[in-house]
Structures are given as structure tokens and as C-alpha cells.
Amino acid sequence: MSEEIKMEKEEGELEYHDILIDLIKGQSKKKKDALMKILYGGECLPIKVTEEASNLSNKHDFEIKAFNLPVTYKEELRKPRRVRIGAIQNSIAVSTSESVEKQRNALWAKIEKMLIAAGEMGTNVICLQEAWNMPFAFCTREKKKWMEFAEPIDGPTTQFLAKIAKKYQMVIVNPILERDIKRQGQIWNTVVVIDADGEVLGFHRKTHIPRVGDFNESTYYMEGNTPHTVFETKYAKIGINICYGRHFPENWAGYGLKGAEIVFNPSATVGLLSEPLWGVEARNAAIANGYFTVAINRVGTETFPNEFTSGNGLPSHKDFGHFYGSSFLTAPNGLRTPSLSRIRDSLLVAEVDLNQIRQVRDKWCFPMTRRLPVYAKLFNEASQLDWEPETVSKSNPQKKKKIIPKKK
Ligand SMILES: NC(=O)NCCC(=O)O
């Protein structure tokens, strides 16, 4: 095991939010409020975890964190549009050496209890982590076994979740590895959106495929063909920006332009690679686009039967590194919840009022002040393969006639 991975493992034991709370404990209210404002945009108020949900979490060893994010002001004409948004992060349930069926069934059993807890908490829309019903085996570059986790959109995992969705009238966003039967069995990285009546509303396929670190996902599937799909579910208009897509502000913008009110970011990412970026990207997207975002990451270290290399000169190894959980929700005004645990299976429930979207847009006027035609022109030009960006320098002076209108 390399020194870096050892360090990452040790850090995996730390709960960053608890460290922050320790730091502010004993401070005056003024200092505490100031810290929370700077770091989290303010303080979300905890809401009660129901007895049924609490019993399930104690019995099955997962944590529940539940918060309320208030609107800026009570409106006179519109009724509140309160929605409880959920997110589940989890580790795998049994060893990756077990049979495909055993691994998948064990994950189903684990998630079922967490979803029931979410249902008992009155959650309206919930999202699971990327490729939740399998280990994140794409680091191995092996095809045998891992490909067998892929399922059609209406396959057994969707059918299993549909029953829970219907029972609790809860929209479930179900990220799976998809086998596209109509297209010669091709594989995609897909989310299936199951509406509150248990019917499949539609699907979205991962737009950006990583080519970084051990995320060898391009060995398995292609860039998706459903960019920025927005689903009008029973409770809200939602979009899903799968994992690596969170690095692209233009991608987040697409969901906003198409009317999304909540954008989920189901992910699988490890501490050494992305943890410093994690709290920034989805949060910034919520602010820039005026919608709610929910970033969800798996937890734990997944070890695989065969060694693989990372193409970085370090010894071959069997594990991917530490998936650091830390899932959280952000409102359009930048207020964010504390993160879920870095190590434990956890359920997040956040009650929001979707009216907050218009209140923030009215305040900041981002949709009105943004310059879409200006960006569109640049993106169009930059999309041409022979495009060369120009800078202004002494040897390439600014073309004045372009920026100073002629006098009549
Ligand atoms: N699953 C996935 O796209 N991971 C890429 C790593 C990252 O974006 O942090």
C-alpha cells in the first residue's frame, strides 16, 4: 500500500463536520454564527427524525441527518412548495469476491431499509449514489463479472425500487449500469427516474466520462446521448448530472436553462483525487443556476480480487482508495447542509421550499443579467477544430474598430 493511500485511509477516519463543530464549541454566538455563515452560508435547522426511521437506523447501523432550509420570506400570493429531498450514501455490503447475485442482493437488502426510513420521514424525492447496486469496479479494467451487473432500464433493480416508490409515493432516482438491449447490448452509465406512482418516467445517461486516475470508465461505456434531460416528477422538476459532469459549469447550466428545480449529482469519487473540490462544485452550481443541488458520494474502501495498476509508476494494488461520502444539499442562496459522514452509511433528508428558487432569482437577477448570446458565439467558435484563441499583445494589437462603434 502506498504512503498516500495509507494517509488517505487514516484521514478517512476523521469526520470533518465534527471537527468544525468542535472548533466552534464554546465560542460566542456571534462568532459561531459568523463561522457558519462563511463556511455553510448559515445554519440549517435540524428536523425531527421519526421513531420508525430512528429505530431502523439503530438496528441497521446507518446514520440519519435531517434539516430544514427556510425560504427568505413568506410570500403573499404563492403557497409554499415544500419538498423533502433525500440522498443515500453507502458502502458495498459484502466482499467483491462473492457472486454477482449475492453482492447485488446484499445491496438491495441494505438500501431497502434506508429507503423505508426515508419513506417514514416523508421524503418526496430521493437519489441513490452512482452505480449503487454494484462495487465501483471500473478501476480494474476487467470485463468478466463486472459486466454482469448491467441491467436494462426496467430490469430487476428498477422493479425492486418501483415497489418502494409506489408504497411511499416517493420519487426514486436510480443510478445503474445499463445494458441497452435495443442497441446490441451496449453499456451505458444511466439513471432511471421512477415517479411517485412507481412508474418509470424516463432515464438519463452520463454525459461526461472521466479519464482521470483509476476511473477507467471509458473502457466500459460511452458518453451518453441524453444531455440535460429534465424530468417533471410529481413533486419537482429534476435533473441528474452524474458524477464527473459536476466539473463542468456549462453542463450544470444546461439543467437550469431547461427548468430543473433540483439537480442531483450521484457520484463515486475518492479522497486523494477530488475531496478539496467536493464542497465547492455542486454548491457553486446551486448559486450560479438558481436551483437546489444534491451531491452524493459512496463510502468505504472497495477491494477487488485481482491487483491492478494505476499507470503512475506505483506498485499494483487491489483497492480504489477511500470513497469519502460527505453528501450534502445546497439551496440557491448558497445555504448548505452539513455533510453526511465520511465513513458511515447515511441518509440525508432536507426539507426545502421550492419558492426559494424565484426569490433568489428575483434578488440576484442572474437569468436576466447573463449574456447567453455572447457565450453562445464564443462556444460556437471554440467548437471548431481549427479555432485558435486570440489574445491581445503588442504583436497582436486590439482591433479597435470591433469594439468602438463608428460615429454617424
Ligand atoms: N465516477 C466518476 O465519474 N468519477 C470521476 C472522479 C471525479 O469526478 O471525482
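## Salt bridges, sheet and ligand surroundings in a predicted model

The side chains of glutamate 351 and arginine 84 come together in a salt bridge with an N to O distance of 2.7 Å, a salt bridge being a side-chain nitrogen of Lys or Arg within 4 Å of a carboxyl oxygen of Asp or Glu. This pair links distant parts of the chain, since glutamate 351 lies in strand E15 (residues 346-353) and arginine 84 in strand E3 (residues 82-89), 267 residues apart. Helices (H or I, at least four residues) and strands (E, at least two) are DSSP runs that are numbered from the N terminus. Both glutamate 351 and arginine 84 are buried, where buried means under 20% relative accessible area, exposed over 50%, and partly exposed in between, with a 1.4 Å probe and protein chains only. Arg82, Arg84 and Glu351 are linked in a network of salt bridges.

The model is predicted, and local features therefore need pLDDT of at least 70, side-chain atom pairs count only at pLDDT 80 or more, and totals for chains, interfaces and linings use all residues. Residues are numbered from 1 along each chain as its sequence is written, and side-chain values use heavy atoms, with hydrogens and water left out.

### Further salt bridges

| glutamate 351 | arginine 84 | 2.7 Å |

### The open sheet

An open sheet with mixed pairing is formed by 8 strands in the order E1-E2-E15-E3-E4-E5-E6-E7, and its edge strands are E1 (45-46) and E7, each of which pairs on one side only. Two strands pair if DSSP finds at least two bridges between them. E1 and strand E2 (residues 63-68) pair in the antiparallel sense over 2 bridges, with proline 46 standing opposite phenylalanine 67 in E2.

Strand E6 (residues 186-194) and strand E7 (residues 200-205) also pair in the antiparallel sense, over 5 bridges, and valine 192 stands opposite phenylalanine 203 in E7. The hairpin of E6 and E7 has 5 residues between the strands, and glycine 198 takes a positive phi near 85° in this hairpin.

### Serine 267 and the cysteines

Serine 267 is found in strand E10 (residues 262-267) and is buried because its relative accessible area is 0%. The side chains of serine 267 and asparagine 265 are joined by a polar contact of 3.1 Å, a polar contact being a pair of N or O atoms within 3.5 Å; within protein, one must be able to donate a hydrogen and the other to accept it, and residues adjacent in sequence count only if both atoms are side-chain atoms. Leaving aside neighbours within four places in sequence, serine 267 is in contact (heavy atoms within 4.5 Å) with Gln129, Glu130, Cys243, Arg246, Trp278, Ile296, Asn297 and Arg298.

The structure holds 0 disulfides, a disulfide being a pair of cysteine sulfur atoms within 2.5 Å. Cysteine 127 is in no disulfide, and the nearest cysteine sulfur, that of cysteine 243, is 12 Å away. Cysteine 127 counts as buried at 0% relative accessibility, whereas cysteine 365 counts as partly exposed at 22% relative accessibility.

### Around the ligand

Of the 14 residues around the ligand, Glu130, Lys206, Arg246, His247 and Thr269 come nearest, where a residue is near a molecule or strand if one of its heavy atoms lies within 4 Å of it. A polar side-chain atom of arginine 246 lies 2.9 Å from an oxygen atom of the ligand, and a polar side-chain atom of glutamate 217 lies 3.0 Å from a nitrogen atom of the ligand. The backbone contributes as well, a polar backbone atom of alanine 268 being 3.2 Å from a nitrogen atom of the ligand.
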